[in-house]
Every structure is written in structure tokens, then in C-alpha cells.
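Subject: Structure handover

Hi,

Here is the structure I promised to pass on.

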Amino acid sequence: GLGACGTTNDGTKDKVFALAAGMMGPQSNGNPFCNRKAEISLRGKKVIGTLVDKCPGCEGQGIDLSHALFDELADEAEGRIHNVKWHFIT
């Protein structure tokens with residue numbers, strides 16, 4: 001779908017994520033966080049994702065992963081996962 005950064009993506013194929021709205025701020029298109037890459041890790045697994053959207057339901061430094069990213073870290077049956085570590089690499 002169309003993300004806050006103004007790009008359209010397919011969450012089943014594209015390794016993209018959304019950043020907590022409070023951290024990203026009110027600006028959408030042209031936001032300096034848009035298109036930054038992050039390393040996301042859980043239980044020894046690491047993936048790289050691109051920031052394309054904001055997540056109004058995420059708190060603090062929470063992120064919302066596309067299905068493509070989530071599936072590389074955990075089984076979707078787990079639902080919301082905690083203890084995910086992430087940091088920007090670009």
C-alpha cells in the first residue's frame with residue numbers, strides 16, 4: 001500500500017517497516033527518516049529493512065514490520081513480538 005513516505009510497496013514481498021508516529025513526527029512526504037535502512041534483530045536473526053511509513057499504534061521506538069520482514073524473524077502465529085532490537089544503518 002501507499003506509505004506515509006509517499007511510496008507504494010507490497011508488504012508480502014518488500015522488506016519495509018513503519019516507525020512509531022511519535023518518533024517520526026508529523027511530517028510525512030519528505031520526512032528525513034524516509035527510506036533509511038535499519039538492521040532489525042530478534043533471537044540471533046538479523047534482517048535489513050527500509051523505512052517507508054509511520055505507525056500510529058506503535059509506542060516509543062516501536063516499529064511495525066511488513067510480512068516479508070516479520071517472516072524472516074518469527075512465525076506470524078506469534079503475533080506481536082517483543083525484545084526486537086533495531087538501529088539505523090543509513
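This is a predicted model: local features need pLDDT of at least 70, side-chain atom pairs count only at pLDDT 80 or more; totals for chains, interfaces and linings use all residues.

Residues are numbered from 1 along each chain as its sequence is written, and side-chain values use heavy atoms, with hydrogens and water left out.

The sheet

Five strands make an open sheet with mixed pairing, in the order β4-β1-β3-β2-β5. β4 and β5 are the edge strands, each pairing on one side only. From one strand to the next, the twist averages 40°. (Axes here are lines fitted to C-alpha atoms, for helices over the stretch in contact, and angles run from 0 to 180 degrees between N-to-C directions.) Strands (E, at least two residues) and helices (H or I, at least four) are DSSP runs, numbered from the N terminus. Two strands pair if DSSP finds at least two bridges between them.

β2 and β5 run antiparallel and are joined by four bridges. In β5, Trp 86 is the bridge partner of Ile 40, and Lys 85 is that of Ser 41. β5 also has two faces: Trp 86 and Phe 88 are on the covered one, Lys 85 and His 87 on the uncovered one.

The core

The largest nonpolar core has 20 residues, and Phe 17, Leu 19, Ile 40, Ile 63, Leu 65, Trp 86 and Phe 88 have the most contacts inside it. A nonpolar core means a set of buried Ala, Val, Leu, Ile, Met, Phe, Trp, Tyr and Cys residues joined through side-chain atoms within 4.5 Å. Buried is under 20% relative accessible area, exposed is over 50%, and partly exposed is in between (1.4 Å probe, protein chains only). β1 (16-20), β2 (37-42), β3, β4, α2 (67-73) and β5 (85-88) each give two or more residues to this core.

Take Ile 63 as an example. Leaving aside residues up to four places away in sequence, Ile 63 touches Phe 17, Ala 18, Leu 19, Ile 40, Cys 58 and Trp 86, with contact meaning heavy atoms within 4.5 Å.

The charged pairs

There are four salt bridges in the structure, each being a side-chain nitrogen of Lys or Arg within 4 Å of a carboxyl oxygen of Asp or Glu. Here are some of them.

In one, Lys 15 pairs with Glu 72, with the closest N and O atoms 2.7 Å apart. Lys 15 sits in the segment before β1 and Glu 72 in helix α2, so this pair ties together parts 57 residues apart in sequence. Lys 15 is partly exposed at 38% relative accessible area, and Glu 72 is partly exposed at 35%.

Another joins Glu 78 and Arg 43 (2.8 Å, N to O). Glu 78 is in the loop between α2 and β5 and Arg 43 in the loop between β2 and β3, so the pair ties together parts 35 residues apart in sequence. Arg 43 counts as exposed at 56% relative accessibility, while Glu 78 is partly exposed at 38%.

Glu 39 and Lys 46 also form a salt bridge, with closest N and O atoms 4.0 Å apart. Here Glu 39 is partly exposed at 21% and Lys 46 exposed at 57%.

Finally, have a look at Glu 59, in the loop between β3 (45-55) and β4 (63-65). Glu 59 counts as exposed, at 71% relative accessibility. Its C-alpha atom is 9.3 Å from that of Leu 19, 40 residues away along the chain.

Cheers
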